[in-house]
Amino acid sequence: MFGWRGKKLLSITAVFVVVWLIFCGLFTLTQIMNKSNSLDFRLFMDKLGGNALFFLGYGDLPTADVWLKNTVALIAILTISILTTFFTINFLWRVDDVVLMPAMFFEKTMDAQSNSAYKIRFMINNKGKRIANLRLSFTAYLHEENSQLKISESPEYTYPILFENSCWTIEDDLQLGFFQDVLYRQFLNHPDTVSVDKQNTENKKVTIYMTLWFVDTQSGQECCNILDYNTSDLYAYDKEKNYKKMTYRKIQRLIKEQEFNSNQVNERKDFIKYITSRFKPFDRKRLKLSPRNSPFKFKIVENQQYASGAKIVINTENNNERFPMFYYDYKDQPLDWSIYKDDKINPVGKFHIDSDNINQLILEVKSGDGSDHVYTFYDKTQSVNKEDGTLCFNISLAELIKKSHNPNLKAIREINIVFPRTAIDKDGNLSHVSGSVVIEQFGLEYQDSLLE
């Protein structure tokens, strides 16, 4: 009948009335017992009514001295002021009924080649009237003794309107982004921790803070809500549970129940093993060939570590494309490498070359402001080891950035491997390139512990 807000206001009023009557009752009892050793119930009720009215600012205390009157009046003013403040907050502010789920949910997914991958999920539930202009961001802090250092910040997420009893879900597929980096940092010192008991994980040094801003469409009031996440707040997502309808208390109760769930612990072990790997591969689903009409072919190579494996078959005969290549296309969801600018993380590659006329590859990294404005800010030739047909590189990302021309680290849109063809005669005919290149590893790799 009253709704969530009405029930809360009634509960605040009830608490005030109970405290008010207890205080006035004790004060009245003290007055009577000071004058008489016996308690007259009728006299008690008469004096209780007068004292209660005085407490609310009406009537007088004829038998009390000035000091006592002023003391009771001061207590009354402070109490009523606090009550008024509580009413104002709960009428105008929208914090408690906009529920930030006190849990990070991870979910195992499979790619086209049935390789395990994960996504991370956060949820915002609106249990009250509609809200608008939602802005959400995540910030990671490194907590050391007597100091806090901001180490990373996510892009800002926005949502136009969140209606009553609806949910906003934020997902990340953990591909070389903010959450993969921060979760790696969180678990780095304790990669074997599988307990969800907070007592076992209080010494974690990295904390993720969620900050939500929104506008109450009824009052026009802008509100802010903040919640912190540690490794102990990470849980496997259960598709059978309707998290979107849950309140804060219900999700807390569910979390306590899951602390003793053996399946939860086993899934958590697998996730920690995945997230604490130092090597972070480029997404194989984004692997493409250029030019598209060339006799390029590629197929997935199974049983390759970290799901990086793919075999590129090259044949440039009867093709005039000077720079055939394969590349990882992130134009629709650019990578943010600015989160790594102070870290020891390197682009690494390991390729096996089965060809006599492929002597080198060119690594290119491109960024830009849009899909039509992609430019190369780094390129470097890598030579093939002819003895075993391998090509390996491990490039310092810090050095790459330092030597690059105007890199846009917040929008990495392409990572290319180019097979250069040079002119071999005066007519400009291009050299022939054919053979196969097996991608064994290609991605970013942390070089040492970030928190040591």
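Author: Let us begin with burial: a residue counts as buried when its relative accessible area is under 20%. The model before us is predicted. In it, F282 has a relative accessible area of 3%, so F282 is buried. F442, at 1%, is buried as well.

Reader: How is a pair of aromatic rings described?

Author: Two quantities are used, namely the distance of the centres and the angle of the planes. An angle over 60 degrees counts as edge-to-face. The ring centres of F282 and F442 lie 4.9 Å apart with the planes at 80°, and this pair is therefore edge-to-face.

Reader: Which parts of the chain does the pair of F282 and F442 link?

Author: The pair links distant parts, 160 residues apart. F282 belongs to the loop between β11 (279-281) and β12 (287-290), while F442 is in strand β21 (residues 434-446).

Reader: What are the distance and the angle for Y340 and Y446?

Author: Their centres are 6.4 Å apart and the planes make 75°, an edge-to-face arrangement. Y340 is in the loop between β15 (325-329) and β16 (345-354), and Y446 is in strand β21, 106 residues apart. Y340 is buried at 1% relative accessible area, and Y446 is buried at 2%.

Reader: How many aromatic pairs does the structure hold, and which residues do ring pairs link into a cluster?

Author: The structure holds 23 aromatic pairs. Ring pairs join F282, F326, Y328, F351, F393, F419 and F442 into a cluster.

Reader: Where does the charged end of R121 sit?

Author: The charged end of R121 is placed over the ring of Y237, at 4.0 Å from the ring centre.

Terms used. Residues are numbered from 1 along each chain as its sequence is written. This is a predicted model: local features need pLDDT of at least 70, side-chain atom pairs count only at pLDDT 80 or more; totals for chains, interfaces and linings use all residues. Side-chain values use heavy atoms; hydrogens and water are left out. Rings of Phe, Tyr and Trp (its six-membered ring) pair if their centres lie within 6.5 Å; planes under 30 degrees apart count as stacked, over 60 as edge-to-face and the rest as tilted. Helices (H or I, at least four residues) and strands (E, at least two) are DSSP runs, numbered from the N terminus. Buried means under 20% relative accessible area, exposed over 50%, partly exposed in between (1.4 Å probe, protein chains only). A charge sits over a ring if NZ of Lys or CZ of Arg is within 6 Å of the ring centre and within 35 degrees of the ring normal.
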